[in-house]
Amino acid sequence: MKRVDDFRLKLGNKELVPVVIGGMGVDISTADLALEAARLGGVGHISDAMVNTVTDRRFDTKFVKDKLKQYKFNVANSNKSVVQFDLGQLAEATKLHVGRTMDRKHGDGLILVNCMEKLTMNAPRETLKVRLEAALDAGIDGITLAAGLHLGSFGLIEDHPRFRDAKLGIIVSSLRALQLFLKKSARTNRMPDYIVIEGPLAGGHLGFGMDWAKYDLATIVAEIRQYLLDEKLDIPLIPAGGIFTGGDAATFLENGAAAVQVATRFTVAKECGLPDNVKQKYFEANEDGIEVNMISPTGYPMRMLSNSPAIGDGIRPNCEAYGYLLDASGNCSYITSYNREVAAHPGARRVSVMDKTCLCTQMRNFELWTCGHYTYRLKDTSRKQEDGTYQLLTAEHIFKDYQFSTEGDIALPE
Ligand SMILES: Cc1cc2nc3c(=O)[nH]c(=O)nc-3n(C[C@H](O)[C@H](O)[C@H](O)COP(=O)(O)O)c2cc1C
């Protein structure tokens, strides 16, 4: 049986180990994690989700404080339409986050940034354009367009000097989504350099409805592969979602995939941005402690640990500080749910909101533990120590396990 290391991902003039660590916002796929993937000859992602707050935490900037100061007068107001991002600051934060990461890059691999369209930021087109352009300006190797159809995203950056040389890819969960993207982007005369096909077992938001369990990654990959063959399009395909062992990955590569994108295995890496006590929750998870629900205000189903503190937590919306999910008219469905509960419980010091979550605040504070379907198998990838906790792994250990293991084997740490 073949192993992942028998294959290479060809992107432009690069030959890469065909392991891509997927983007995990908010700063769960840290620069450190992505840099390890690049050092080992593969592909790592950082994420630009909530980049202002990530930059504040990492580089001592004061973007969030400044924004809150500017809009403090609006905190008690449920209409958030005045709360706009300063585009200059957004560009500055993105350049810092991306630039400082690229400055530290060693090795032959690539660093990409995961850019989610659903972060509509009260001005979807303007903010997305700034995020994409600033990442290119700061020297990112490429951009993975995520969480949305991105029908206009190529158009937003077609005049950028790096539009044709940077690697640009798209995440889709169906042939139909891909066809729409290709049709709408055709005008720019540029194909995506790679296509990530994310199936229903992935972490984060899902590109399916609540009937996600009816779908199967291998079937979607085969369908898209056939379509590209019929259209004589040669674009590398990168399946993602539930690829848990090197053996799983090798099977996809043998069936024509160019690489695999993986994430859940790396949530328990030392370099991963989750706090160590949260990494233990991922290790401890059982199958019945993982759910897919609709509490994300994006409208997409999201997979998470059922014991996430965010579930039911009725905190006051924090859009003056964050506000990444405000739509073009300044609305977020969490605000509606929160106001409904406050009105139903007059005088209550704290309300519970079950149907939606304040995603920005909860992700920022690592209180919403999004995860892949196979999180309950993480305990089989490490050792339980004498104090009852699991040993954290290095990103290098996990990466090499994908690269060199065969069958369903998983190498335990030393
Ligand atoms: C903790 C976590 C956070 C994630 N966040 C994002 C994200 O911000 N954007 C995105 O496009 N995908 C996100 N994903 C999806 C991954 O990038 C990846 O495609 C998927 O989880 C791969 O499946 P696996 O986790 O079963 O290996 C996330 C996944 C996890 C586990």
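Let's start with His373, which touches Leu201, Gly242, Ile290 and Arg303, leaving aside residues up to four places away in sequence. Keep in mind as you look around that this is a predicted model. His373 sits in the loop between α12 (359-364) and α13 (395-404). Is His373 buried or exposed? His373 counts as buried because 21 C-beta neighbours lie inside 10 Å, and the cut-off for that label is 20 or more.

Now for the ligand. Its surroundings are made up of 30 residues, and the closest are Gly22, Ala146, Gly203, Gly204 and Gly372. Which elements give two or more residues to this shell? They are β5 (110-116) and β11 (260-262). Sorted by class, the shell around the ligand holds 15 nonpolar residues, 14 polar ones and one charged residue.

Strand β5 comes up again when you turn to helix α4. This helix covers residues 87-103, 17 residues in total, and spans 24 Å from its first C-alpha to its last, close to the 24 Å expected at 1.5 Å a residue. Several of its residues are buried: Leu90, Ala91, Ala93, Thr94, Leu96, His97, Val98 and Thr101. What do the buried residues of α4 pack against? Their partners are the helices α1 (31-39), α2 (51-59), α3 (63-71) and α5 (124-137), along with the strands β4 (43-47) and β5.

How values were computed. Residues numbered from 1 in each chain as written. Predicted model: local features only at pLDDT ≥ 70, side-chain atom pairs only at ≥ 80, totals over all residues. Helix = DSSP H or I, 4+ residues; strand = E, 2+ residues; numbered from the N terminus. Buried ≥ 20, exposed ≤ 12 C-beta atoms within 10 Å, placed from the backbone. Contact = placed C-beta atoms within 7 Å. Near = placed C-beta within 6 Å. Nonpolar A, V, L, I, M, F, W, Y, C, P; charged D, E, K, R; others polar. Expected span 1.5 Å × (residues − 1).
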